[in-house]
Amino acid sequence: MVLWQDIAEALRAGITRGDYPPGSTIPKETELMAAHGTGRDPVRRAIAQLTAEGLVEPVRRRGTVVRPHPSRRRITRSRLVYRDELGYFFDQTAQGWRSVLPPSVFLGPVPYDIAGLLDLEPGVEVVIRDRVMGDPVTGRSTQLATSYIPAELAGELPVLSAAETGPGGIYDRLEDAGYGPIRWTEAITSRMPGPDEARVLRLSPGVPLLRILRLAVSPAGRSLEVNDTRVNADEWEIGYPITRHASARRDPKINS
C-alpha cells in the first residue's frame, strides 16, 4: 500500500534534484495516482504537505507549481571565524556542541539551490557529509549540519570522503593539501523543514528552519564546500555585535 508520505517524499526528492525546477508544474493528480497506483486522497495529502513546507503552490489554470525563489538582496555584516583545539568554528554559542548521532558520509545528488554555489549542475553527484549536533551531556539535537563537496575534489583528496577526517576536519585537510587559506562567505535564509528535519529537531507544526549557507572557497576562487546549517527558528536567532567603522567615529570636539 502506497502511503501519502511516500508520494510526498518522491516529489520532494524530485524538486531537490531539480527534476521539477522553480516555476514548473509537478504531475497532475491523475498522473500521480497512476504512477503510484493509489487513489486521489493520498495524492492530495502529499501535495498539501509539500504546500505546507513551502515547496509548491496551487496556481489557477496551471496546476501545482514549484515555488520560485526570488533573488535575495544581501545585507553584509562583519563575521569572524574562530579556532580551538578541534579546528575552525564559526559561532561561539555552538563551540561546545558535538555530534549526538553517528555522522553519515555518502554520495548523492546536489540539491538545486546548492548546485549554483558549487558551480555544478543540479543533480550532479557530490559527497554529502551529514551531522546532527547538540548538547553532548543531554544528547538533545540542536543543529543539523550538511556539507556538500564536489566529487571531483573528493577524488583529488580522498580523505574528504572518509568517515573520520582527523584533527581539524575537512578544512584542515584542504589547507594541508594547498587549498588554503580558505575564505568563507555565508547567507542566512529560512525554509520549512522536511519531515525528517522536523522529527530530529523536534519542531512543532508550522515552525520554520533558520538556515545558514556557508561557502568555502580557495584563494584561486575554486568552490570547495557548501555547509548547510539548520536550527529551530523558534528557538534561535542570529545576532551580531556592531563595531564602529572609521567613518562612524565622531570627533568629540565637534558640536562641543
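Let me begin with strand E10, where both faces are covered: Leu209, Arg211, Leu213, Leu215 and Val217 on one side are buried, and so are Leu210, Ile212, Arg214 and Ala216 on the other. The model we are looking at is a predicted one, and that should be kept in mind throughout. E10 runs over residues 209-217, and nine of its nine residues are buried. As a general point, side chains in a regular strand alternate between the two faces of the sheet.

Let me turn to the neighbours of this strand. E10 pairs with strand E9, residues 183-191, in the antiparallel sense over nine bridges, and within that pairing Leu209 of E10 is the bridge partner of Arg191. E10 is also joined by nine bridges to strand E11, residues 223-232, again with the two strands running antiparallel, and here Leu215 finds its bridge partner in Val226 of E11. E10 and E11 together make a hairpin with five residues between them, and in that turn Gly221 has a positive phi of about 90°.

Staying with E9 for a moment, how many aromatic pairs are there? The count comes to one. This pair consists of Tyr171 and Trp184, whose rings are arranged edge-to-face, at 5.4 Å centre to centre and with 80° between the planes. It links distant parts of the chain, given that Tyr171 sits in helix H6, residues 169-176, while Trp184 belongs to strand E9, 13 residues apart. Are the two partners buried or exposed? Tyr171 has a relative accessible area of 7% and is therefore buried, whereas Trp184, at 21% relative accessibility, counts as partly exposed, because the limit for a buried residue is under 20%.

Next I would like to move to helix H3, residues 40-52, and start with a check on its geometry. Which residues of H3 are buried? They are Pro42, Val43, Ala46, Ile47 and Leu50, and because they cover an arc of only 135° around the axis, they lie on the same side of H3. That buried set packs against helix H1 (4-17), helix H2 (29-36), strand E1 (56-59) and strand E2 (63-66). On the face of H3 turned away from the buried side we find the exposed residues Asp41 and Ala52. Just after the helix, Gly54 takes a positive phi of about 80°.

Asp41 also gives us a reference point for another residue, Glu156: the C-alpha atoms of these two, 115 residues apart along the chain, are separated by 49 Å. Glu156 is placed in helix H5, residues 151-156, and its relative accessibility of 40% is why Glu156 counts as partly exposed. Leaving aside residues up to four places away in sequence, Glu156 touches Tyr179 and Arg222, and with Tyr179 there is a side-chain polar contact of 2.6 Å.

Let me close with the protein as a whole. It contains seven helices and eleven strands, and its C-alpha trace spans about 75 × 55 × 40 Å along the principal axes. Of the 256 residues, 38% count as buried. Finally, among contacts with a separation of 6 or more, 57% are accounted for by residues 24 or more positions apart.

Notes:
Residues numbered from 1 in each chain as written. Predicted model: local features only at pLDDT ≥ 70, side-chain atom pairs only at ≥ 80, totals over all residues. Heavy atoms only, no water. Helix = DSSP H or I, 4+ residues; strand = E, 2+ residues; numbered from the N terminus. Buried < 20%, exposed > 50% of the residue type's maximum accessible area, 1.4 Å probe, protein only. Contact = heavy atoms within 4.5 Å. Polar contact = N/O pair within 3.5 Å; in protein donor to acceptor, adjacent residues only side chain to side chain. Arc of directions from axis to C-beta. Pairing = 2+ DSSP bridges. Phe/Tyr/Trp six-rings, centres within 6.5 Å; stacked < 30°, edge-to-face > 60°.
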